[in-house]
Amino acid sequence: MPTPTLTTSAYVLHNLGLASGFGGSLFGRIALNPSARLISDKQDRAKIVNAAWNGYNIVNAIGLGTSALTWFFGRSKVSGRSISPTARKLVIAKDFLMGATLVSGLVNLIGGGFLAKRSLQEGIPMESGSKASEEAPQDVKSATKLVNWLGVFSLATMAGLIGVSTWLDNEAQTSSKWRLVANILP
């Protein structure tokens, strides 16, 4: 039995949101930030990297926000109990991972905004896209460390979300109860 169009659309939006959050963050961490060293002026490094990250933060916020909205809306309709005990545990794990991703993303958004504002207004020296120079003010060094740590944490929680989502989807596909519930969802 096919799932309704709205449920399928929400599922697609949910997965696209996770993909945009994970993919963009992974690209920034392993490609953009290290490549900033190619820019000879340390203050220009900060301006360019922070402008790039802040530009992507909009996409990231929309993507993860969409994932969260579709998850919590669907979650309000189905707890996982209607599928199996394993699915119920996966739903709880996904709740935790979604919350952790959203909180770390919000703090990162604020920290990144602080760094971008400082780099554009005052100029801050950076060694790379993820490391402040020794001559940078202490608050910039601390914010950079926090943003980097939370960036790694967010990647881990988003990877966990993708993994748990896949496991939950597979669990649901084996459930005849779920197929019945899916047909009455909007």
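By class, how many nonpolar, polar and charged residues does the lining of the second largest pocket have? In this predicted model, that lining has 12 nonpolar, 17 polar and one charged residues.

**Second largest pocket**
- The space in this pocket amounts to about 570 Å³.
- Its lining comprises 30 residues, and those nearest the pocket centre are Trp53, Asn57, Asn108, Leu109 and Val147.
- At least two lining residues come from each of helix H1 (5–35), H2, helix H3 (85–121) and H4.
- With nine residues, H2 gives the most to the lining.

**Helix H2**
- Helix H2 covers residues 42–77, and at 1.5 Å a residue its 36 residues should span 52 Å; the end C-alpha atoms are 51 Å apart, which agrees.
- A kink of about 25 degrees in H2 is centred on Asn57, a residue that is also among those nearest the centre of the second largest pocket.
- At the start of H2, the backbone nitrogen of Gln43 has a side-chain oxygen of Asp41 within 3.0 Å.

**Thr166**
- Thr166 belongs to helix H4, which runs over residues 138–173.
- Because its relative accessible area is 41%, Thr166 is classed as partly exposed, a category lying between the limits of 20% and 50%.
- A polar atom of the Thr166 side chain lies 2.9 Å from the backbone oxygen of Ile162.
- Asn15 is 151 residues from Thr166 in sequence, yet the C-alpha atoms of the two are 10.0 Å apart in space.

Terms used
Residues are numbered from 1 along each chain as its sequence is written. This is a predicted model: local features need pLDDT of at least 70, side-chain atom pairs count only at pLDDT 80 or more; totals for chains, interfaces and linings use all residues. Side-chain values use heavy atoms; hydrogens and water are left out. Helices (H or I, at least four residues) and strands (E, at least two) are DSSP runs, numbered from the N terminus. Buried means under 20% relative accessible area, exposed over 50%, partly exposed in between (1.4 Å probe, protein chains only). A polar contact is a pair of N or O atoms within 3.5 Å; within protein, one must be able to donate a hydrogen and the other to accept it, and residues adjacent in sequence count only if both atoms are side-chain atoms. The expected span of a helix is 1.5 Å times one less than its number of residues. The bend at a residue is the angle between axes fitted to the seven residues ending there and the seven starting there. On a 1 Å grid over the protein atoms alone, a cavity is a set of points where a 1.4 Å probe fits but cannot get out, and a pocket is an open set with protein on both sides within 12 Å along at least five of seven lines; lining residues have an atom within 4 Å of a point. Grid points are joined across faces, edges and corners, and a volume is the space filled by probe spheres set on the points. Ala, Val, Leu, Ile, Met, Phe, Trp, Tyr, Cys and Pro count as nonpolar, Asp, Glu, Lys and Arg as charged, and the others, Gly among them, as polar.
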